[in-house]
Structures are given as structure tokens and as C-alpha cells.
Amino acid sequence: MTRPPLPFTALAWTPDLAAALGEAMAAIARLDARICVSPFAPAWTLRASWAGYATALRLQQLELEEIDIIAEQCGLRLAGRPLPQTTGTPFDAYGPWLARLAEPEGRHWREDLPFTFDPPAGWRDAPVLVRALTLLDAWALTDRSSAPWLGLPIVLRRIGITASPLPCLVAGGPGQRFALDPRTAVLKRLCKQLRRSAEDGLARLDRLEAGARRSAAAIAAEHRPGALAKLGRLALARPCLAARSVAPLLGITVSGAGKLLERATRLDLLVEISGRGTWRSYVTPDVALALGLIAPDRGRPRTPPPSSPALDTVLATFDAEMAALDARLDLLGVGSPTGFAPTN
């Protein structure tokens, strides 16, 4: 009979392992602190969920990338990229996973576990992140689906490591299901994965916030902004747009929506990605960067625009307007991140 693998909570500590754990905890804490106070947390969560879900599919040995997740969830058909050839239904778990991430706080980490878990030796004295990864390790041995990898961000929140749901913190390894690798090496690898994911999530938040500031400055500088401000707020919640999807949300004609999208593109608020002359598709610059459609900025960062009364007014009213937009999307039945209308 095969002996069960040594739990992470019972491993002997080494300087390298302690350093990896400390770096992972610090990176997660920095990201969590920023998300807790950022007005762009809902927009970031949507984008981070694409990255996290793509990681889970890769851990299942599926040849899918983040660009495929974005295209699937937003109804995009990207020019020059073939449809993903997969067996089964790899995207079906995305919606239920987002719903679980949005559950209110206060639930115990044991709730909803699909297997029986008895805390192993050393559980009480182990660091809390090691406990969470021990739980992930046991889960992966009993469940061969993507559920353990997707469940880690939920466990991290319920066990008290994060205050907000951080869907980018998906980690794991197929080798955990066979327990063949040295246990210390597996734990160190998981810590490094979480550190890199948290650092990438923080970089994405920086890009999202910087892009929103640039958009606000560009809109404030326009003599007649018209519906540009509404479009900018809409793009945060629905970063993949087309004239047919924008028109009913803004209460304008399809022709007017097309002209508005073209104007936003000239101001660098959006990026056109379809390559078509008509029925074009657009995404926000941060999503275009994730899709690999534009190159990242190089060299010294651009100096942010100076403060102005007009820009201060735009930023001061942002929260109230986003709340009104969320209410309008709910009334139209498209408040969910998975409610994107096809854009092709």
C-alpha cells in the first residue's frame, strides 16, 4: 500500500524555504492591501479571473491561453487566431467559480470542501499559508479536476490570508497528484508561483489605474466629450466592446455607438482588434496588452498629467457614476462578467 505523502506542515524548515514563504506572503499582502482600497477592484477582479482560470486550465494540461479565455468570455473572434480545439467543456467551470469568489465573507474554510480533511501533524504550529497549501495538496490527491487549483483563492480568503478575493492566485502542479517530487521542493515551487502571480496581479492593477487616469485626463481635455465619459466607465466593467453591444447600454443608435468607439480609439481609450472595416471590435489597452496585441511600454514611465479642476471633478464623481452603471447593467441583465454580448 502506498504511503501518503508527508504533509507540508511536517516539513523541516530550511533558509531557502523560509525565504520563499516570506516572499510569497509579502507579495500577497501587498496585492491584497491595494485591492482593498482601490476603486478599480471590480474591474481588476474580472481581468484577474481570466488569468487565474487560464492557469487552472494549463495545470489540467489543456492547450489554452489567457487570450482564449478572454475571447470565450467576451464573445470575441480574433482575426488570425483559430478557435481552440479542445475536448469536453473547459469553460463551463468559469461562471460557478466567479460566483463562489463573490460569496460574502465569514464562511469557515472547511465549508463546502468536497472531501474529508483531517489536519495533519504540525498543523497548529504551521504558518497560515503552509496550512492553505497543505489543504490544496490533499485536495489535489482526491480530485483530478480543476477544482483544487480554482479553490485555492477561495481557501486563501476563508483561512484569513486575504481580505478580498484574488482570483489570480491560482497555483499548483500536476505532480502533486502523484507525490513523486521531494516535498520541500514542491512547497517551495508553490510559494514561488504565488509570489509571481501576486506580483503580476499588482502590475495589472497598476496598468489599470494608470490607464483610467490617462483616460480621465484625455476626456477632461476634450472640448465636447459627449458620451466619452460614460463609455470610459462602461469599458471598465465591459472591456470588450462593439457598436451593437454599446448602443443599448448608452441609449444611442448603433451608428452613433460606432462613431463614439472610433473617437475613443483616436484618443487611445480603446484599441481596435478585429481588423474589419465594419462591425469592428474594441478592447481596452490593458486587455489588448494581455492579448499580446500591443507592446508594453518601454523605458521610463510617462509623467502623469498635472492635476486640473476638470480632471479632479471627473475622478471625484467616479464612484457614484460606477454605482449607477452597475445598477443599469443589472436592470438590463448584463451585470455578470459572463454576460458579454457577442461582438463579431
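**Confidence first**

Author: Residues 336-344 keep a pLDDT under 50, yet the model gives them 37 contacts beyond four places in sequence. Here pLDDT is the predictor's confidence in each residue, from 0 to 100, and contact means heavy atoms within 4.5 Å. Where pLDDT is low, the predicted coordinates should not be read in detail.

This is a predicted model, in which local features need pLDDT of at least 70, side-chain atom pairs count only at pLDDT 80 or more, and totals for chains, interfaces and linings use all residues. Residues are numbered from 1 along each chain as its sequence is written, and side-chain values use heavy atoms, with hydrogens and water left out.

Reader: Which element has the lowest mean pLDDT, and which the highest?

Author: The protein chain averages a pLDDT of 85, and 86% of the residues score at least 70. Elements are DSSP runs numbered from the N terminus: helices (H or I, at least four residues) and strands (E, at least two). The lowest mean, 60, belongs to helix α12 (residues 309-316), and the highest, 96, to α1.

Reader: How many helices and strands are in the protein chain?

Author: Of the contacts with a separation of 6 or more, 69% are between residues 24 or more positions apart. The protein chain has 344 residues, and 46% of them count as buried. Buried means under 20% relative accessible area, exposed over 50%, and partly exposed in between (1.4 Å probe, protein chains only). The elements number 13 helices and three strands.

Reader: Which residues does W44 contact beyond its neighbours within four places in sequence?

Author: Some of its partners come from the stretch P165, L166, P167 and C168. C168 is buried, at 7% relative accessible area.

Reader: How many disulfides does the structure hold?

Author: A disulfide is a covalent bond between the sulfur atoms of two cysteines. The test is a pair of cysteine sulfur atoms within 2.5 Å. C36 is partly exposed, at 44% relative accessibility. The disulfide count is zero.

Reader: R34 has another salt bridge; is its partner E209 buried or exposed?

Author: R34 and E209 meet at 2.8 Å, N to O. R34 lies in helix α1 and E209 in helix α7, so this pair joins parts 175 residues apart in sequence. R34 is partly exposed, at 27%. With a relative accessible area of 13%, E209 is buried.

Reader: How far apart are the closest N and O atoms of D137 and R183?

Author: D137 sits in helix α5 and R183 in helix α7, 46 residues apart. Both are buried. Their closest N and O atoms are separated by 2.1 Å.

Terms used: Salt bridge = Lys/Arg side-chain N within 4 Å of Asp/Glu carboxyl O.
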